[in-house]
Amino acid sequence: MRLERKDLLAIRDLTPEEIGLVLSTAASFKDVSEREIKKVPTLRGKTVINLFYEPSTRTRTSFEIAAKRMSADAVNISVSTSSVVKGETLKDTARNLEAMRPDCIVVRHASPGTPQMLAGYLECSVINAGDGAHEHPSQALLDIFTVLERKKKIKGLKVAIIGDIAHSRVARSNIYGFTKLGAEVVVSGPPTMIPPGIEGLGCGVTTDPLEAIKGADVVMMLRIQLERQRESFFPTVREYSRVYGLDEEKLSGAKKDVIILHPGPINRGVEIASEVADGPYSLILDQVTNGVAVRMALFYLLLGAAREEA
Amino acid sequence: MKRLVIKGGRVLDPAAGLDGAYNIYVMGGRIASVKPTDKDTTELVPGVPDLEVIDASGLLVVPGLVDIHTHLREPGYEYKETIKTGTRAAAAGGFTTVLCMANTDPVNDNQSVTRYILKKAEAEGSARVLPVGALSFGLQGERLTEMAELKEAGCVALSDDGMPVVRSSFMRRALEYSLLFSLPVITHAEDPVLSGPGAMNEGAVSTMLGLTGVPNAAEDSMVARDIMLAELTGARLHVAHVSTRGAVGLIRAAKERGVKVTAEATPHHLTLTDEAVSGYETNFKMNPPLRSREDVEALRQGLRDGTIDSIATDHAPQSIIEKDVEFSKAANGVVGLETAFSVIYGLVEEGVMTLERAIEAMTVKPSEAMGLDTGTLRVGSSADITIIDLKKSWTVRPENFCSKSRNTPYAGKELKARVVKTIYAGEVVYGAD
C-alpha cells in the first residue's frame with residue numbers, strides 16, 4: 001500500500017480512502033514506539049530534511065523522531081542556522097538541498113502555499129508541516145487518529161473547534177479531514193477571528209461557544225496568539241478567556257464522554273483552564289504520542305518500498 | 001516628404017464617428033486625409049519614392065491605442081523594464097501613447113527626472129511616452145511637488161500611484177493646487193491601514209488559501225474620500241485601476257451629480273477573479289487584487305455604461321527575483337501591454353460590449369481623461385494607427401514578449417485578435433514587413 005502521490009500538501013486534496021490508509025498504517029506503527037527497541041528498518045537509507053522557517057519544537061521533533069524510528073536519516077534546518085538569513089531565495093535553498101539527494105523535505109513556512117511551490121520545483125517528496133494559515137495536514141491526521149482511537153468511529157460525531165479560526169491552519173485541515181470522514185464540524189470564535197466564507201469549507205459557524213460545545217463529542221481548542229490583542233482581534237486576554245476559554249462549566253453542555261484536543265502549545269488559563277487540560281477528558285498528550293505514529297505512516301506511505309516498485 | 005497609405009481596411013474611429021471602409025493618407029507624420037474606399041479616385045503611381053502602401057483588406061484600422069497607466073521602470077529598475085523595451089511592448093500591443101507612472105528610482109518628482117525620461121523616450125522609444133509626475137516628493141504623501149515645473153518639463157498628469165495618499169489633508173491640498181495647471185490627479189485609492197499585509201482579495205478564496213485578504217472597503221472608502229475632495233475642490237480626479245463594485249457605484253453617483261471624475265479598469269480586473277489565485281501562482285498577484293465575480297460583473301457594467309471611461313493596463317513589469325518566491329513575499333503587478341487588446345476583444349466576442357465601445361475606451365476616452373489630443377484619426381492628428389487582424393488567434397508565450405518581464409496572468413492562453421502593425425507618427429514601429 002502507498003499513497004498515489006508524491007507529496008502531502010493539504011487535507012483538502014485527500015480522498016476519504018487516502019485518509020483511512022494513513023490512519024490504519026499509523027495504527028500498525030504505533031506499537032513500535034512502545035517497544036524497547038523503538039526502531040524498524042523500513043526506511044533505511046532514506047534521507048529526510050526538516051526545513052523549518054518558523055520556530056517549532058513539537059512538530060519538528062515529532063517528524064525527526066518519526067523518521068529515525070523508521071531508520072531514515074533526518075537532518076534539521078531552521079532559519080537561524082541556515083543560509084536563509086543570507087538572503088537566499090526559497091527556490092535556491094530548496095534546489096541546493098535537493099542536490100544532496102534527500103528523499104523527502106518536510107517544510108514549515110509562514111507563507112501559505114510555500115509547500116505547494118516547493119513541490120512544483122522538487123522531485124523528492126514534500127510534506128507540509130504547516131504553511132501560514134493554510135493547512136497543517138499531519139496535525140489533522142493525528143487529531144483524527146486520536147479521536148478514532150477513543151471513539152472507534154468518526155462518522156456522525158460532532159466536533160467543535162474553538163478559537164482563532166482566521167489564523168489557524170489546524171482548524172482548516174481539521175474541518176476538511178473530519179467532514180470528509182462524515183463528522184459534523186462547528187467552528188466558534190469572536191467575529192474578528194471568523195474568516196469570511198469559512199462555511200464554504202464544509203463546517204457550521206457560530207460565535208457562541210456554548211452553542212458549538214452543545215452535544216459535542218470532541219472539543220478542539222486552538223492556541224490564541226497573545227499578540228493578536230495588539231492587533232485588536234480581541235480586547236484583553238481576560239475577556240477572551242471569560243468568553244471563549246474552556247472551563248468545566250462551559251464543557252458541561254457537551255456529551256458526557258466528550259474528549260478535549262489542543263494542538264499545543266497550550267496557554268494555561270487563557271484558552272483552556274488547567275482543570276480541563278489536565279482533566280480526564282483531555283487527550284492532549286495522546287495527540288503528541290500519536291503524532292509520531294502518524295508521521296511514521298506518512299514517511300512510509302510516501303517513501304516506502306511499495307513506492308519504489310511503481 | 002514621406003507618405004503612407006493604408007488601403008481597404010475597416011476604419012473604426014469613435015472620436016471621428018467613422019466606421020467603414022476608408023483609405024487613410026499620411027503625410028509628414030500626420031493624417032492628411034481619410035477617404036471612403038469606394039469613392040477614392042486617388043491614383044497611386046507605383047514606384048514613387050517615399051511612398052509606402054499598406055493593404056489592410058480584411059483588417060481593422062483604429063487610432064493608435066492609448067494607455068494612461070503603465071510602469072516603464074526607468075530610471076532605477078532597468079532589470080524589470082526600460083523605456084526602450086516597455087515602448088516596444090506598447091507598440092507590439094498596438095499602443096502608440098503611454099503614460100508612465102512616477103514610482104521610479106529616483107521618483108519622477110522633479111523636472112530632471114521628467115526630462116531624462118523624455119530624452120530616453122525620444123532616443124530609444126517606439127511610442128509616445130508621457131510622464132506622470134509625482135503628487136508628493138518621494139511619494140511620501142507629505143510635501144507637494146513643484147507642479148509648475150513638472151508640467152513645463154512635460155508631465156501630463158500627477159499621481160503617487162503605487163503609494164496610496166493616506167493623509168486626507170494632503171490630498172485636499174494637492175487637488176486644490178492642481179487647479180493652477182488643470183492637470184488631472186490620478187488616485188491609487190486604497191486605505192493601506194485597512195489593507196494591511198493583505199496579499200489577495202478578502203473572501204471565501206482567501207479563507208480557503210489561508211492568505212490575508214484585502215477587503216473591498218479598503219478601496220471603496222478611499223474612492224469615496226477622493227470623490228468628496230474632488231467635489232470640495234473642483235479639481236479633476238481620475239481613479240486608477242477600479243476593482244470593486246462599490247467603487248463603480250460611487251463613481252457613477254459622483255458623475256451623476258457633476259463631479260469631475262473619470263475612471264479606468266484593467267483588462268485583468270475585467271476578466272479574472274480571485275479564484276485564479278487558488279494555485280498560489282504569483283502572476284495573479286497585483287494591487288488592487290483580483291476580486292469576486294460580482295465585482296467583475298459590476299466593472300463590466302460600468303465599462304458598458306461609461307461609468308468606467310477607459311481601459312488601462314497598469315503594466316507593471318516584475319522580474320523573477322520578485323515573482324518566483326513565496327506568495328506573501330512576491331511583488332504585486334502584471335504586465336499587460338502586449339495582451340490588453342486581445343483580452344478586451346475577448347469581452348467583445350462574449351457580448352460584454354461593442355467593438356466600438358472597446359476602441360473608444362482604449363483611444364479617445366483615455367485621451368480626454370488626460371487632456372490629450374491623441375486617440376483619433378481626424379485630419380491633422382498625429383498619424384498613430386493600429387492595424388488589427390480580428391480573426392487571428394494566438395497563444396500567449398511570455399518568452400516571446402518584447403517586454404523585459406514575463407509576469408503575465410495569461411501565459412498559455414489562446415486569445416483572439418492580433419495586432420499586426422502599429423504606426424506611430426507615420427512610422428511603422430511594429431510589424432514592419
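Biologist: How many aromatic pairs are there over all chains?
Modeller: This is a predicted model. Rings of Phe, Tyr and Trp pair if their centres lie within 6.5 Å. By this rule, the count over all chains is seven aromatic pairs.

Biologist: Is the aromatic pair of Phe341(B) and Tyr345(B) stacked or edge-to-face?
Modeller: A pair of aromatic rings is described by the distance of the centres and the angle of the planes. For Phe341(B) and Tyr345(B), the centres are 6.2 Å apart and the planes make 15°. Planes under 30 degrees apart count as stacked. The pair is therefore stacked.

Biologist: Which helix holds both Phe341(B) and Tyr345(B)?
Modeller: Both residues are buried. They are four residues apart, about one turn of the helix. An α-helix has 3.6 residues a turn, so residues three or four places apart point the same way. The helix that holds Phe341(B) and Tyr345(B) is H12 (residues 340–350) of chain B.

Biologist: At what angle do the axes of H5(A) and H11(A) cross?
Modeller: H5 spans residues 137–151 of chain A, and H11 spans residues 284–303 of chain A. H5(A) passes H11(A) in a right-handed crossing. Their axes come within 8 Å and cross at roughly 115°.

Biologist: How many charged residues does the contact of H5(A) with H11(A) have?
Modeller: Leu141(A), Asp143(A) and Phe145(A) are among the H5(A) residues in the contact, and Arg295(A) and Leu298(A) are among those of H11(A). By class, the contact of H5(A) with H11(A) has five nonpolar and six polar residues, and the charged residues number four.

Biologist: Why is helix H4(A) largely enclosed by the rest of the structure?
Modeller: H4(A) covers residues 114–121. The buried residues of H4(A) include Met117(A), Leu118(A) and Tyr121(A). They pack against helix H3, strand E3 and strand E4 of chain A. H4(A) is largely enclosed because its buried residues number six of the eight.

Biologist: Is Met228(B) buried or exposed?
Modeller: Met228(B) lies in helix H7 (residues 217–233) of chain B. Its relative accessibility is 53%. The cut-off for exposed is over 50%, so Met228(B) counts as exposed.

Biologist: Which residues does Leu51(B) touch, not counting residues up to four places away in sequence?
Modeller: Leu51(B) sits in strand E4 (residues 51–55) of chain B. With residues up to four places away left out, Leu51(B) touches Arg3(B), Val5(B), Leu44(B) and Val45(B).

Biologist: What is omega for the cis peptide bond that joins Asn287(B) and Pro288(B)?
Modeller: Most residues other than glycine have a negative phi, and most peptide bonds are trans. A cis bond joins Glu74(B) and Pro75(B), with omega about 5°. Pro288(B) lies in the loop between helix H9 and helix H10 of chain B. For the cis bond of Asn287(B) and Pro288(B), omega is about 0°.

Biologist: Is Leu139(B) buried or exposed?
Modeller: Leu139(B) is not a glycine, yet its phi is positive, about 55°. Leu139(B) lies in the loop between strand E8 and helix H3 of chain B. Its relative accessibility is 7%. Buried means under 20%, so Leu139(B) counts as buried.

Biologist: What is phi of Tyr280(B) near?
Modeller: Tyr280(B) is in the loop between H9 and H10 of chain B. At 10% relative accessibility, Tyr280(B) counts as buried. Phi is positive in this residue other than glycine, near 60°.

Methods. Residues are numbered from 1 along each chain as its sequence is written. Chains are lettered from A and ligands numbered from 1 in the order in which they are written. This is a predicted model: local features need pLDDT of at least 70, side-chain atom pairs count only at pLDDT 80 or more; totals for chains, interfaces and linings use all residues. Side-chain values use heavy atoms; hydrogens and water are left out. Axes are lines fitted to C-alpha atoms, for helices over the stretch in contact, and angles run from 0 to 180 degrees between N-to-C directions. Helices (H or I, at least four residues) and strands (E, at least two) are DSSP runs, numbered from the N terminus. A crossing is left-handed if the near helix is turned anticlockwise from the far one by less than a right angle, and right-handed if clockwise. Contact means heavy atoms within 4.5 Å. Ala, Val, Leu, Ile, Met, Phe, Trp, Tyr, Cys and Pro count as nonpolar, Asp, Glu, Lys and Arg as charged, and the others, Gly among them, as polar. Rings of Phe, Tyr and Trp (its six-membered ring) pair if their centres lie within 6.5 Å; planes under 30 degrees apart count as stacked, over 60 as edge-to-face and the rest as tilted. Buried means under 20% relative accessible area, exposed over 50%, partly exposed in between (1.4 Å probe, protein chains only).
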